[in-house]
Amino acid sequence: MKPKVAVFDFTGCEGCELNKLNFEDELLALLEHIDIVEWREAMDDKSDHYTIAIVEGSISTPDCVERIHDIRNRSEILIALGACAVQGGMNAMKNQYPLEQVREEVYGCHKDLFPTLPALPLSRYVRVDYEVRGCPMTKNEFLKILTSILMGKKPIKPTHAVCVECKLNENECVYDKGMVCLGPITRGGCDSLCTNFGQYCTGCRGLVDEPDVEAMLAILNRHGLSIVEAKKRLELFNYENQAL
Amino acid sequence: MTKDLNINVQHLTRVEGHGNIVVNMKNGKLEKARLEIVEAPRFFEAMLKGRSFHEAHIITSRICGICSLGHQIASLKATEHALGLEVSEQTILLRKLLIHGATIQSNILHAYFLATPDLLGVGSVFPLISSHKDVVVRALRMKKLANDIGDTVSGRAVHPITLVPGGFTHIPSVKELENLKKRLVEQMVPDALNTVETMVALAESVPSFNRETEYISLHSDSEYALYDGDIYSSDTGRSPIEKYLNMTNEFVVPYSTSKHAKHNRDSLMVGALARWNNNYKQMHDIAKNAGLRMGLTTPCTNPYMNTIAQVAEAIHCTLDAIDIIDRLLSKGLKNERPNQAPVQFGTGVAATEVPRGILYHEYTYNQQGQIEKANCIIPTGQNLGNIDDDMVKLVPEIIQEPKEKIVLNLEMLVRAYDPCISCSVHILDVDFIE
């Protein structure tokens, strides 16, 4: 029997899910090996049990908390998909403000209508088996993890920095172009896509294990950012990272 | 007509984001008919406050994965307006090319994968892989090419990389553009025309329902307006972009985490059908005739036909993309750097058409080039009131039908608007409280 795969979305932009519908070349081949049993954005069907649950978005409301526990209980394998699910993503930037203040600013006297919690990664609530990183999620990493699971192999988790891939791609260093870049401290696996296209690394794939944050801040500072600005750059996709 | 009816569709499928359809009729009297938005709000203002002008479009792109290019375009134009950054003609042409790619991608995704299953009586595109494989393969091929425009010009179709204030960080090569053009001519044009035949065959399954409303879109004297223009209302005519707050008048309703909007009436419609109604004369002839052949009228007041207007637009965008590539190539591609030297710091407003309708961004920058105030009004929020008003008219008209049929017609109605609910709860439209 083919593995039953389901796709779920929480707080986020659904760009990672969209990226999956964008596997135009691979989608039909993939469907020969899996049964998609639940995917609200694409289909009506529902199921009680999943071999693999693919979950996008961060957890930011009481309803989200209830749903993620329910999904975990009914899934053999849970994959966190994209920056919001893996590390909280941009949503977590709101966590720097008191929740009461955020709600009042947006909804005024109607604030009590819409409950909200700090935006957190899935792993703060449930066990996560595999991570597909990036904003949006890195397509090749997703395909590698999915095929590894289907073949019964353990996917390799990248531990090197984006700089390594950028050097292998023979790009001119972003710092030499007068810009600042988070490549030295950001987890690779994206084939340095942004710097290949002349843009700086925004840190969307999360930080490497045991990141040297002080050294990174010093580099950013030396290249023109104040320490406050440098911290803000690092926090953009990584506000919930304990190292910051 | 004395009838009780209770409909509660939780987390409607095949739309972007989370919404519920709730209808309540008692003794033939309609008490409630509305789309409730239950998507978790995002609070983007917390992410934008104090951010540099280099980052605004990177952040607002993440309001929505499907509309990320549109958010970037509106954001960049607002920032450039606020900082007085001029952009080159090449930059504008490349941006327009990207808009065409994103519009084709989004419209084709919606027409084939999200809306068509209803017309064929199935719950998703997946059963169609065996029953209508050639059609599914064609849709995937069209989507792929549309995304390839984004990948080639902007590095990545979802959350594009190369667009920055003042220009691009990377210019595509002549060869890449020639290749895109070749594929547009040889593959996309015939696929788009075959799509018309498919939609003509399906058109008789589109529910017949009409409710005239106020249609709002951009309008330009020089072209079918997508990138730029004035605001145009079918009720009140042209207004400058700076008057956008008068055209939207957002307000909170208790059953929706997304705010609603109104202008001249209780509700208004934006999106492909509004653009068709306001600007169809400027559409490429082949696209316009295809629209008429698929059953669009001028104007068209059937909201279900929004999907058909999206298909007509996909043809227009294909043909115009070919023209744009020709213009870029005949002028010669210049490897120019983005213009990022601000001449002022102030407030900038911009609007652009994204697949779901007119999108507004406004920023105020301080003297350090950091955001002090931000506002963003997105198309789905503008359409929500109109969807509710459609439901209120529709339910009594089809009340004699079996409940499943009523539910299906309501779901199809909401899907026809191609709502983007993640966008609608971006929650950015407030002043910061210090």
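**Entry 1. A pair in chain B**

I began with Asn24(B) and found that it stands opposite Lys32(B) in β3(B). The model is a predicted one, in which local features need pLDDT of at least 70, side-chain atom pairs count only at pLDDT 80 or more, and totals for chains, interfaces and linings use all residues. Residues are numbered from 1 along each chain as its sequence is written, and chains are lettered from A and ligands numbered from 1 in the order in which they are written.

I then looked up the strands around this pair. Strand β2 (residues 19–26) of chain B is joined to β3(B) by eight bridges in the antiparallel sense. I take strands as DSSP runs of E with at least two residues, and helices as runs of H or I with at least four, both numbered from the N terminus. Two strands count as paired if DSSP finds at least two bridges between them.

**Entry 2. The sheet of chain B and its helices**

I traced an open sheet of three strands in chain B, ordered β1-β2-β3, with antiparallel pairing. Its edge strands, each pairing on one side only, are β1 (5–9) and β3 (29–37) of chain B. I noted that neighbouring strands of this sheet are turned by 5 degrees against each other on average, direction ignored.

Next I looked for helices on this sheet. Helix α12 (residues 379–397) of chain B lies across β2 and β3 of chain B and runs at about 150 degrees to β3(B). Helix α13 (residues 403–416) of chain B touches β1, β2 and β3 of chain B, and its direction makes about 45 degrees with that of β1(B). Axes are lines fitted to C-alpha atoms, for helices over the stretch in contact, and angles run from 0 to 180 degrees between N-to-C directions. Contact between two residues requires their C-beta atoms, placed from the backbone, to lie within 7 Å.

**Entry 3. Chain B as a whole**

I recorded 14 helices and 12 strands for chain B. Its C-alpha atoms fill a box of roughly 70 × 55 × 35 Å along the principal axes. Of the contacts in chain B with a separation of 6 or more, 72% are between residues 24 or more positions apart. Buried residues make up 57% of the 434 residues in chain B; a residue is buried if 20 or more other C-beta atoms, placed from the backbone, lie within 10 Å of its own, exposed if 12 or fewer, and partly exposed in between.

**Entry 4. The sheet of chain A**

I turned to chain A, where five strands form an open sheet in the order β2-β1-β3-β4-β5 with parallel pairing. Here the edge strands are β2 (35–39) and β5 (130–132) of chain A. The twist averages 25 degrees from one strand to the next.

I asked why strand β3 (residues 50–56) of chain A is described as largely enclosed by the rest of the structure.

I followed its pairing on both sides. Strand β1 (residues 4–9) of chain A runs parallel to β3(A), with five bridges joining them; Val5(A) has Ile52(A) as its bridge partner. Six bridges pair β3(A) with strand β4 (residues 75–81) of chain A, also in the parallel sense, and Ile54(A) has Ile79(A) as its partner there.

**Entry 5. Helices of chain A**

I noted that helix α6 (residues 139–150) of chain A lies across β3, β4 and β5 of chain A, at about 155 degrees to β5(A).
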